[in-house]
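Here's a quick tour of a protein chain, written for someone new to reading structures. Have a look at the model first, then work through the notes.

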Amino acid sequence: MREQLLAAEKVKAIEWRDGALHLLDQRVLPFEEKWSSYHTAADVADAIRAMVVRGAPAIGIAAAFGLVLGARARLLEGGDWRAALEQDFTRLADSRPTAVNLFWALNRMRERLDKLKPEDDPLALLEIEAIGIYDSDREANLTMAQLGAELIRKQQGNPQNLLTHCNTGALATGGFGTALGVIRAAYLEGLVERVYADETRPWLQGSRLTAWELLNEGIPVSLNADSAAAHLMKTRGITWVIVGADRITANGDVANKIGTYQLAVNAMHHGVRFMVVAPSSTIDMELESGDDIPIEERDGCELLEVGGHRVAAEVDAVNPVFDVTPADLIDFLVTEKGVVERPDKAKLTQLMCRKRLH
Ligand code: MRU
């Protein structure tokens with residue numbers, strides 16, 4: 001399966017090349033495949049905030065390379081470069097609040113810095129660390145894809161209809177994707193009849209990005225309005241809802257793209273299995289429950305306008321872009337360290353002590 005997945009890989013969104021970070025601009029997909037280059041930590045932070053790059057693991061990877069760019073500039077400036085680098089840490093950490101992968105990646109970079117010896121080449125070692133973060137995310141996705149597909153295989157009556165939300169694919173990660181990685185692997189195993197992709201208002205990650213990724217690989221996909229999900233569960237024989245995560249707290253609550261919570265409630269009502277796929281870098285054992293997760297609110301214009309044209313009456317909009325699904329609505333959490341059925345604190349504590357599976 002690993003080889004089949006590698007052979008099917010088509011999309012890439014992040015490249016570290018010639019000492020610069022190159023990002024596929026996700027704001028203009030699927031109509032334009034525009035790459036931009038980033039040479040400073042501040043520009044990478046702005047790209048994360050503006051959602052040139054998005055998706056929890058991808059944000060973490062971009063921030064790690066942003067820190068490398070910051071270190072390069074601070075070293076050139078001379079003086080106390082370590083102290084000056086703190087400004088880059090802060091700027092990158094302030095770019096988006098909800099996905100913990102951003103802070104996890106910056107922490108890893110800080111730990112690497114703290115271990116530097118006087119004779120070390122700091123820039124070379126930071127670059128190795130950032131590349132390690134990128135590569136290990138890709139590897140984690142390959143493992144999770146196989147674990148998740150195995151769960152689908154065990155369910156009676158293949159091929160099956162799956163429903164997903166937001167974009168959790170190659171665009172959102174170091175490669176292959178989390179939830180979309182599972183869907184890809186399941187498709188390669190002949191387990192998928194059709195994927196229903198929620199359009200994911202207001203930023204349209206589903207209609208612009210997920211639909212594009214699946215189409216590129218010839219996986220049968222239908223787009224639906226977010227509000228059609230319950231009706232589709234009732235009428236289209238959907239067996240699984242499969243989503244990613246931006247932060248999972250110690251008790252198993254899951255923050256993910258706004259609309260995930262109502263999917264989980266509806267899935268339980270209709271007897272549809274609910275699977276969350278996320279690397280362990282998304283698990284934040286320092287937060288007890290989902291109530292502690294900072295939920296990003298973005299500009300109301302994302303709701304009030306479409307393509308720069310106003311479509312709403314002259315009202316204010318409230319635009320929280322993530323919500324929290326309570327742990328008791330989750331059937332399976334798939335990570336690179338293994339699968340947790342009905343996640344809770346004891347199971348997550350045990351999981352975090354394990355090594356990754358492959
Ligand atoms: O606002 P976004 O597009 O960054 O939100 C992305 C999501 O909510 C994804 O579902 C999540 O990051 C998992 S991606 C592997």
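How many residues of domain 1 are in contact with residues of domain 2? The count is 34 residues of domain 1, touching 37 residues of domain 2, where contact means heavy atoms within 4.5 Å. Keep in mind that this is a predicted model: local features need pLDDT of at least 70, side-chain atom pairs count only at pLDDT 80 or more, and totals for chains, interfaces and linings use all residues. Residues are numbered from 1 along each chain as its sequence is written, and side-chain values use heavy atoms, with hydrogens and water left out.

**The two domains**

- The domain assignment gives domain 1 (2–135) and domain 2 (151–352); such bounds come from an automatic or database domain assignment.
- Their C-alpha centres lie 25 Å apart.
- About 2,900 Å² is buried between domain 1 and domain 2, and carbon and sulfur atoms give 61% of that. Buried area is the accessible area (1.4 Å probe) that two parts lose on being put together, summed over both.
- On the domain 1 side, Val11, Arg54 and Thr98 lose the most area to domain 2, together 23% of what that side buries.
- There are 15 residue pairs in polar contact between the domains (both at pLDDT 80 or more). A polar contact is a pair of N or O atoms within 3.5 Å; within protein, one must be able to donate a hydrogen and the other to accept it, and residues adjacent in sequence count only if both atoms are side-chain atoms.
- Helices H1 (2–8), H2 (41–50), H3 (56–77) and H5 (101–114) each supply at least two residues of the domain 1 side that touches domain 2. Helices (H or I, at least four residues) and strands (E, at least two) are DSSP runs, numbered from the N terminus.

**Salt bridges**

- The whole structure has 22 salt bridges, each being a side-chain nitrogen of Lys or Arg within 4 Å of a carboxyl oxygen of Asp or Glu.
- Between domain 1 and domain 2 the count is 1 salt bridge.
- Arg96 and Glu296 meet through their side chains in a salt bridge, at 2.8 Å from N to O.
- Asp46 pairs up with Arg49, their closest N and O atoms being 3.3 Å apart. These two are separated by about one helical turn, because they sit 3 residues apart in helix H2.

**The sheets**

- Seven strands make an open sheet with mixed pairing, in the order E6-E5-E4-E7-E10-E15-E16; two strands pair if DSSP finds at least two bridges between them.
- Strands E6 (221–224) and E16 (338–341) stand at the edges with a single partner strand each, so one side of each has no neighbour in the sheet.
- E5 (residues 192–198) runs parallel to E6, with 4 bridges between them, and Asp198 has Asn224 in E6 as its bridge partner.
- The other open sheet to look at has 3 strands, E1-E2-E3, with antiparallel pairing. Its edge strands are E1 (14–17) and E3 (35–38), each pairing on one side only.
- In that sheet, 4 bridges join E2 (residues 20–24) to E3, and Leu24 has Trp35 in E3 as its bridge partner.

- Asn158 and Pro159 are joined by a cis peptide bond, with omega about -5°; Pro159 sits in the loop between helix H6 (122–154) and strand E4 (160–164).
- Another cis peptide bond runs from Arg201 to Pro202, with omega near 0°, and Pro202 is in the loop between E5 and helix H8 (205–216).
- Cys166 isn't a glycine, yet its phi is positive, about 65°. You'll find Cys166 in the loop between E4 and helix H7 (179–188).
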